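Visitor: Hi, I'm new to this one. Could you walk me through it?

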Amino acid sequence: MKIMEFLSHLAICMALALVVITILNGFNPLMSFLTSNTTKVFIFIFCAVVVVSSVGAIVRARK
Amino acid sequence: MEGRHSSPKHSAASARRAVNNTGVSPEQRTVPGERDYPERIRRDAQVRIREEQAVGRTEEEYRVNTTKEKKRGSVLRMVLLDMLMTGMILVVFAFFHHVLPRLTAGNTVVQPISTVNVPATVSAQPEKTPEPAVTSEIPDDPAETEQPPVVDDGRTEWQRKFADKFTDEVVITENSYSSPNISITIDTFSGEYNGYFQTYYVCDIYVASMENFQTYFANGQYSYYGEQEAVAMARNSGAILSMNGDWCNNQKFGILVRNGEVYYDEPMEYDLCVLYYDGTVETYSPSAYDPADIIASGAYQTWKFGPMLLDSNGKAMTSFNTTYVIEKEAAPRSGFGYYEPGHYCFVVADGRQSHARGMVLTEFAQIFEDLGCVRAYNMDGGASSILTFNGKRYNIPSGGGRNLGEILLIAETPDSAG
């Protein structure tokens with residue numbers, strides 16, 4: 001449960017970070033904030049965290 | 001953690017309930033298990049209960065308020081921790097996105113992959129015509145060299161075309177430079193523009209040859225994340241006039257051609273600007289060009305920051321292929337304009353300062369239309385907008401400016417400079 005709670009918080013934080021990165025990209029798209037390999041890895045991790053925490057939330061809700 | 005070995009919160013609440021039900025003061029009441037707690041906790045609980053009773057709250061209200069306070073504190077702590085974690089994530093991201101690539105690739109020099117072949121029709125025209133035969137028969141008496149050439153005057157096509165702009169000798173003033181190969185005049189506009197106080201600089205440029213229009217990378221070589229102070233770059237490159245370019249050093253997309261050298265050719269979703277060897281300039285939307293054609297047509301320089309500022313009729317565009325922030329933010333700007341082969345302009349607008357608000361893109365595009373340019377292209381802006389003239393900064397960059405990745409420059413060619 002502690003892990004699931006942590007993943008939920010991590011998902012929130014990564015989503016906020018992605019919002020910040022998107023805003024930064026608007027200021028200078030040539031800095032490749034949204035297209036760099038680092039960002040691709042970041043988005044992949046974010047998706048994984050969201051999937052795990054969401055599945056965990058559904059499982060808990062069904063118990 | 002001291003003294004919290006057997007759910008003290010629950011026991012303390014029970015004690016308060018017991019007090020409320022019986023009407024016996026806390027001092028008189030002996031709560032089961034209370035003796036297990038340290039004296040300090042018991043005393044604190046009694047003090048809180050007395051305070052609550054003093055302000056007329058019932059035990060139930062006390063419990064509700066206490067629970068709300070705890071929840072509020074818990075949520076606040078959670079939000080703060082989340083904010084902290086978000087900050088940490090951004091720091092880690094910045095490290096991998098900015099710092100690590102600079103550390104690993106900052107000194108890696110990138111060599112061009114090919115050289116643009118100058119079209120035969122181009123190389124025959126704007127370049128200087130061959131020196132007359134008299135140069136191979138230079139007499140000992142210098143006076144005899146003043147005789148006019150017999151066959152040709154040795155001038156390029158552009159030197160003849162813009163003869164009234166060039167001078168036989170180098171003439172330098174505070175805001176102008178003229179020589180047999182270059183003519184530069186800088187006009188400074190400072191005043192109200194579209195209802196705001198603005199300061200911008202228009203550099204009217206005539207060159208005798210395409211060789212007088214060059215670009216220069218930081219430290220003289222193209223490297224990822226390479227950067228250098230603008231004045232140092234201008235001095236190292238021999239620039240008479242220089243303006244920041246499009247900051248191509250930290251990404252790899254689009255076509256990068258500099259001084260006729262091709263560095264890479266990758267897909268791109270931004271507008272492209274091409275200066276050809278024949279002196280013409282063309283701007284392209286992403287879907288409107290074929291990289292192979294551009295290189296085969298004799299591309300001399302390409303830029304890819306953008307967007308293009310004028311349409312095909314030379315009218316200022318009202319919507320641009322860029323982000324909302326770049327388009328709408330009033331910021332320092334740098335742009336490159338084209339009138340005709342051999343005749344160009346650099347425009348730099350100060351911004352984010354008391355003497356200059358900065359411009360949105362529509363305002364900046366309007367300047368080029370008013371100047372009569374037929375093509376214009378936006379370069380990197382903000383603190384990067386730096387104009388140098390005769391080895392000194394000419395404008396007042398926002399925040400003191402920053403190091404640049406590359407510059408556009410006007411310089412004498414090596415053979416003419418000496």
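Guide: Let's go through the model topic by topic.

Guide: This is a predicted model, where local features need pLDDT of at least 70, side-chain atom pairs count only at pLDDT 80 or more, and totals for chains, interfaces and linings use all residues. Residues are numbered from 1 along each chain as its sequence is written, and chains are lettered from A and ligands numbered from 1 in the order in which they are written.

Visitor: What ipTM and pTM does the predictor give the complex?

Guide: The ipTM is 0.92 and the pTM is 0.74.

Visitor: And what's the mean pLDDT of chain B?

Guide: Chain B averages 83, with 81% of its residues at 70 or more; pLDDT is the predictor's confidence in each residue, from 0 to 100. Residues 1–9 of chain B fall below 50, and that stretch has 7 contacts beyond near neighbours in sequence. Residues 124–151 of chain B are also below 50, with 26 such contacts in the model. A contact means two C-beta atoms, placed from the backbone, within 7 Å. Where pLDDT is low, the predicted coordinates should not be read in detail.

Visitor: OK, new topic. Which residues touch the most other members of the largest nonpolar core?

Guide: Those are B:F346, B:I407 and B:I410, in a core of 76 residues. A nonpolar core is a set of buried Ala, Val, Leu, Ile, Met, Phe, Trp, Tyr and Cys residues joined through C-beta atoms within 7 Å. Buried means 20 or more other C-beta atoms within 10 Å of a residue's own, exposed means 12 or fewer, and partly exposed is in between, with C-beta atoms placed from the backbone.

Visitor: What is B:I410 in contact with?

Guide: Setting aside neighbours within four places in sequence, its contacts include B:I182, B:V207, B:F213 and B:L241. Another core lies apart from that one, with 11 residues, among them A:L7, A:L10, A:M14 and A:F42.

Visitor: Which residues of α1(A) are buried?

Guide: They're A:L7, A:L10, A:C13, A:M14, A:A17 and A:I21. An α-helix has 3.6 residues a turn, so residues three or four places apart point the same way. Helices (H or I, at least four residues) and strands (E, at least two) are DSSP runs, numbered from the N terminus.

Visitor: Where is A:S32 found?

Guide: A:S32 is in the loop between α1 and α2 (37–62) of chain A, and it is partly exposed, with 17 other C-beta atoms within 10 Å.
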